[in-house]
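Student: I would like a close look at one part of this protein: its pockets and cavities. Please set them in the context of the whole fold, and finish with the local backbone.

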Amino acid sequence: MPTAMATAAGMATGPGSRVTRYAKSTAASVTPVRPGKTHTLSALDNAMERHAVHLVLYCRAAPGVDRDPLKESLSEVLSLYPTMVGRLTRGEGDAPGSGWIVKCNDAGVRMVDARAAVTLDEWLATASADDEMDLAYFEQMGSEPYIWSPFYVQLTEFTDKSYALGLSCTHLHNDPTAAALFFHCWAAAHRRSTSPYSPFLHSPSFAVSPAATPPPAPPMLAAKSTSAPPRADAADSMSSATFHFPADAMRALLSSLAPETTPFAALAALFWLRVAGASTTEENEKDLTLALDFRKKMHAPLPTGYYGSAVHFTRASADLSSGLSAVAAALDRRVATVPEEELWAAVEWLHARQADGGEPFQMYGPELTCMALDHLPLYGAEFVAGEPPARVACRVAGAVGEGIVIVLPAAEGDAARDVVVTLPAETTARICRDDEVLRYGAEVVAGTKVETGAKAK
């Protein structure tokens, strides 16, 4: 029976889930990799070891969007990604301070087949944000990384023949930008076309020369590195929700703020204020961590398709009592003025710390983090020409503590945005009912299990 097979393989979903995983296999590249090929992960990649990336792309039923054709095009696109089908090993004979290296040995990515007991529209109308993770299977790295697949792809068929394509991977390999662009390349391969975002695999992109003296520690990263590691069950106390801001709602929000305010700054400021529960009468200077894709912010910009992590963490400050417009303006100023030298100072320190045998630490958190991903062409991943995804969901695992707010593009395009939050469960529930968030036109499209259940009734 499918359920028994899934349970035996450790793939079973939780009680009450409408998703049944019934088979696990391996997807290989159609083009063999040159023997001996390796890919060295950068210090920035290695720093992300405690995190994983999850993406779910919903495709409506269409000719050619079926399990076997999707698997065929997946094998074709993997020819562009020899690192994805490889396995991790330590450099320099596992010596202290040696980073991870990918042996591009054609071992393949893990493929999971699943079915959902509802139509896609029923799922989108009733699934909680936590339910969505039933569509993105993942196994944490065990004691034998050389046999562990860093990438998992789950194909879930809905009863109306629509599909959810779930990608889960270790953040060691890919940041959310690189993971999202993989979908773009897969869709292009499925259409027998070429993506403008082909992967750029160039290990030395973030290489630094060994320092004669230890580089100074960036204060924010130094604080993160000395924070107590989260409890093993810390993720159980977190909960997620997805908010949709239609284009009209976003335009109304932006019109109430200073001219030239960006959608990211407006939404990051709104959620920061509501999560903090800030007083509007007392001076309240606070810091917020921003996670920014630095590919195009460098003096010599990296290609958009750069394979790896190019996320830079920086701190923004604002007086939360100054109001939404002023806080958003402060965030925009910070995003626009982050110097490239700050990124390289972080890379140099992480490299030196790794060389000294320092262990990875939590990069996303434990303080509240806001991540800007609304520049990504998520809805350009058309597996059938002219048919964009119905929705795309994104999570970063391991952001425990105060949590993470991710700003994404929305399916309708234009000014519309989606915001995915992963916060302490009680905070998520409060934000889903927050009058200020809802007053600005937010629709809770994937709430907590309690909120979603109430909506379904």
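Tutor: Start with the contacts. Of the contacts in the protein with a separation of 6 or more, 78% are between residues 24 or more positions apart. Keep in mind that this is a predicted model. The secondary structure comes to 13 helices and 16 strands. Of the 457 residues, 56% count as buried. The C-alpha atoms fill a box of roughly 65 × 60 × 40 Å along the principal axes. The radius of gyration is 21 Å, which agrees with the value near 23 Å that a compact globule of 457 residues would have. The accessible surface is about 18500 Å², and 53% of that surface belongs to carbon and sulfur atoms.

Now the open spaces. The largest pocket has a volume of about 1300 Å³. Its lining counts 44 residues. Nearest its centre lie His54, Gln140, Ala235, Ala397 and Gly398. Three strands each supply at least two lining residues: S3 (52-59), S9 (238-245) and S13 (391-397). By class, the lining of this pocket has 19 nonpolar, 13 polar and twelve charged residues.

The second largest pocket has a volume of about 390 Å³. It is lined by 19 residues. Asp293, Lys297, Ala372, Asp374 and His375 are the ones nearest its centre. Helix H8 (263-276), strand S10 (285-293) and helix H9 (324-337) each supply at least two residues of this lining. H9 gives the most, with three residues. Nine residues of the lining are nonpolar, three are polar and seven are charged.

The largest cavity holds about 50 Å³ of space. Its lining is made of Leu57, Ala180, Leu181, Phe183, His184, Pro377, Leu378, Ala381 and Val392. Helix H5 (176-190) gives the most to this lining, with four residues.

Helix H3 spans residues 67-77, and its buried residues are Arg67, Leu70, Ser73, Leu74, Ser75 and Val77. An α-helix has 3.6 residues a turn, so residues three or four places apart point the same way. In H3, Arg67, Leu70, Ser73 and Val77 are among the buried residues. The cover over the buried residues of H3 includes strands S1 (19-27), S6 (109-116), S7 (151-157) and S8 (163-170), along with H5.

Glu340 lies in helix H10, residues 340-355. Is Glu340 buried or exposed? Its relative accessible area is 18%, so Glu340 counts as buried, the cut-off being under 20%. Leaving aside neighbours within four places in sequence, Glu340 is in contact with Phe294, Met298 and His299. Leu44 is 296 residues from Glu340 along the chain, and the two C-alpha atoms are separated by 15 Å.

Last, the local backbone. Most residues other than glycine have a negative phi, and most peptide bonds are trans.

Gly365 and Pro366 are joined by a cis peptide bond, with omega about 10 degrees. Pro366 sits in the loop between H10 and strand S12 (369-372).

Asp106 has a positive phi of about 60 degrees, although it is not a glycine. Asp106 lies in the loop between strand S5 (100-103) and S6. With a relative accessible area of 29%, Asp106 is partly exposed.

Lys161 is another residue other than glycine with a positive phi, near 75 degrees. Lys161 is found in the loop between S7 and S8. S6, S7 and S8 are among the strands that cover the buried residues of H3.

Note on methods. Residues numbered from 1 in each chain as written. Predicted model: local features only at pLDDT ≥ 70, side-chain atom pairs only at ≥ 80, totals over all residues. Heavy atoms only, no water. 1 Å grid on protein atoms, 1.4 Å probe; cavity = no way out; pocket = protein on both sides within 12 Å on 5 of 7 lines; lining within 4 Å. Points joined across faces, edges and corners; volume = space filled by probe spheres on them. Nonpolar A, V, L, I, M, F, W, Y, C, P; charged D, E, K, R; others polar. Rg over C-alpha atoms; globule rule 2.2 N^0.38 Å. Buried < 20%, exposed > 50% of the residue type's maximum accessible area, 1.4 Å probe, protein only. Contact = heavy atoms within 4.5 Å. Areas by Shrake-Rupley, 256 points an atom, 1.4 Å probe, with all protein chains shown as cover.
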